[in-house]
Amino acid sequence: MVNGEGKYHHISRSGEREQEIGERRSEGLGEEGKEESKSISQRYSRAQSNRGVAKMTMFYLFLALAVTFGVGIIAGYAIFGQQHSNNNQSRGGHVPGTHGYYPVSGWLMERIYHSNPPICPWTSHPKSDPDCLWRYRRVERLRGNISTCSEPLKPTAKAYGHRGAALVAPEETVASFQIALESGAGFIECDASITKDLVFVCRHSTCDLHHTTDITQNHPNLLSKCSVPFTPKNDTHQASVRCCTFDFTLQELQTLCMIMDSNVNTNATQPQDYVIGPPAFRSPYIATSTCHPIVSFNDYLKFVSSHNKSAIPELKDTASDPLTEFLASEGKNIYFLADLLADRLLEAGFSGMGFGLRALGGGGQAEWEKAVLEGSIAVMQTFDARVARRWKSRQASSGIPVLYMWESNSNVNSSSDCSKISDCDARNLLANLSSMGVEMFGPPMAILLAADQGSRKLSASTLSNAYKHVIGIPDRLKDPNALFPAISTWSLERSGCPSWFETPGIEPARIGPCGSYYETVQNHAVYSEADVLLVMDVLFKEIGILGLFSDFPATVTTYANCVLTS
């Protein structure tokens, strides 16, 4: 968890947690600034008494400059702190993690891409290869925009914090949400998974606890309650375990510590050896610094609301057999979950601000950006068309924008329907959802990207144009008043590349455009982390996406502020 001083510290697993959170909620930045100012003053006093007369003039000049600088810092903290305090009071409370946006220079962000230069492995003559020259010049221009940018991390509605900031902190924890906040993400995501006592918690999958928490290492009693308790490797089967949120109550889940989404050892003969650790392209240090408790959906909404961010929850796994079987045992169904999520958003004060009512016009891009950054908007995500239709047909939730997503790409050019009840991009289905008022559509990045035929240049795919035609997406690049329907896509920096020297257990080991999120263009049009700049350039400028999910949302924020607005 993150305290009022911006430090991660241990959270008790007993009833003391609520007391600690309550104490942190009363903390503010003002007292911290006063203590810092007092400490600085004391240090200068001691220094003054030790200096000789010959150095006194120089010391006082330095002191005057330091005090001026210190006053500026304190004034800044006072201004931002008071605004933050007022916002918290008006939104009804405060939760751990109180830092807001602070300016960062563009040259610092540019170094991320400078350390990963564009490469052209297909040619031994890069200086004369036209595709290589195109790549180098375009990346150089983008890096130049970033290096001279004054506010790369200024909040933007175009950046969606995917599971918070899951590249560097345990996904869907307060630490992860906090980093997304400080990265300038306009939206912060929580994947809403149901518990045994029918409340939502933030987990990316209802059944991922065995590789995203410490349940196999430290909780044998809870491990025995899992849908599939740990079974060691034997002569005929590999090690297996499946632990789901609906196996436990919220109280039980909050005794677990979240870890980085990890690789597992299917040869394990005891549960303590099952989790290997995260792939090495992710940073594990924040995760191992303390215990990160699971976050309830209500606490997520409080966090987002208190920081004036917009919410973008996803209702999880409504087409999975284990979840539907659990719901049936409780006399519930997926529509109970759909209504519950929408009602919780409305109760927390989130809405669509009219943007969800496409028949009424909704408003343009500038109005959308303003509303998102005021923390007024919620967007509900689903891969299940039944849920999307439920949200749009139910009067209470019809005004909240809906994002319908899919992963396959086999049906948009065919008139046939999908054989599955979710993850479907059939032409008739997409057209129907659009006609019902669904505002946002979310294919994965790989479907939208392609390599130019006969070259190594990155471009928009023909499928991206087919989707825009079927859904009826307006040309947002030419018309600033055009907003919905729109495409938002996923997920940047979710996958990595193998290391040059393969290391079992921690692969993929380096950050880069590899894996399923880049499967259509890997080693055809993208090769190094610098090419992520080209990916964003095509997505935003050629395809005209509304927003982009990222495990490291600072990347999208930097691009949006330094390139799109330059």
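Tutor: A term before we begin: helices (H or I, at least four residues) and strands (E, at least two) are DSSP runs, numbered from the N terminus. This is a predicted model, where local features need pLDDT of at least 70, side-chain atom pairs count only at pLDDT 80 or more, and totals for chains, interfaces and linings use all residues. Residues are numbered from 1 along each chain as its sequence is written, and side-chain values use heavy atoms, with hydrogens and water left out.

Student: OK, how many helices and strands does the chain have?

Tutor: There are 21 helices and 19 strands in the chain.

Student: And what percentage of the residues is buried?

Tutor: Of the 566 residues in the chain, 52% are buried. Buried means under 20% relative accessible area, exposed over 50%, and partly exposed in between (1.4 Å probe, protein chains only).

Student: Which strand could we look at for that? Is E16 enclosed or open?

Tutor: Strand E16 covers residues 486-492, and seven of its seven residues are buried, so E16 is largely enclosed by the rest of the structure.

Student: Which strands pair with E16?

Tutor: Strand E13 (residues 440-442) runs parallel to E16 and is joined to it by two bridges. Strand E19 (residues 547-550) also runs parallel to E16, with three bridges between them. Two strands pair if DSSP finds at least two bridges between them.

Student: Which residues sit across from each other there?

Tutor: Met440 has Ala486 in E16 as its bridge partner. Thr489 stands opposite Leu548 in E19.

Student: Switching to helices. At what angle do H20 and H21 pack?

Tutor: Helix H20 (residues 531-543) packs against helix H21 (residues 554-564) at about 65 degrees, with the axes 11 Å apart. Axes are lines fitted to C-alpha atoms, for helices over the stretch in contact, and angles run from 0 to 180 degrees between N-to-C directions.

Student: Which residues meet there?

Tutor: From H20, they include Val532, Leu533 and Phe540; from H21, Val556 and Tyr559 are among them. Contact means heavy atoms within 4.5 Å.

Student: One more. Where is Val174, and is it buried or exposed?

Tutor: Val174 belongs to helix H6 (residues 174-182). Its relative accessibility is 9%, so Val174 counts as buried.

Student: How far is Val174 from Tyr300?

Tutor: In sequence, Val174 and Tyr300 are 126 residues apart; in space, they are 8.0 Å apart, C-alpha to C-alpha.
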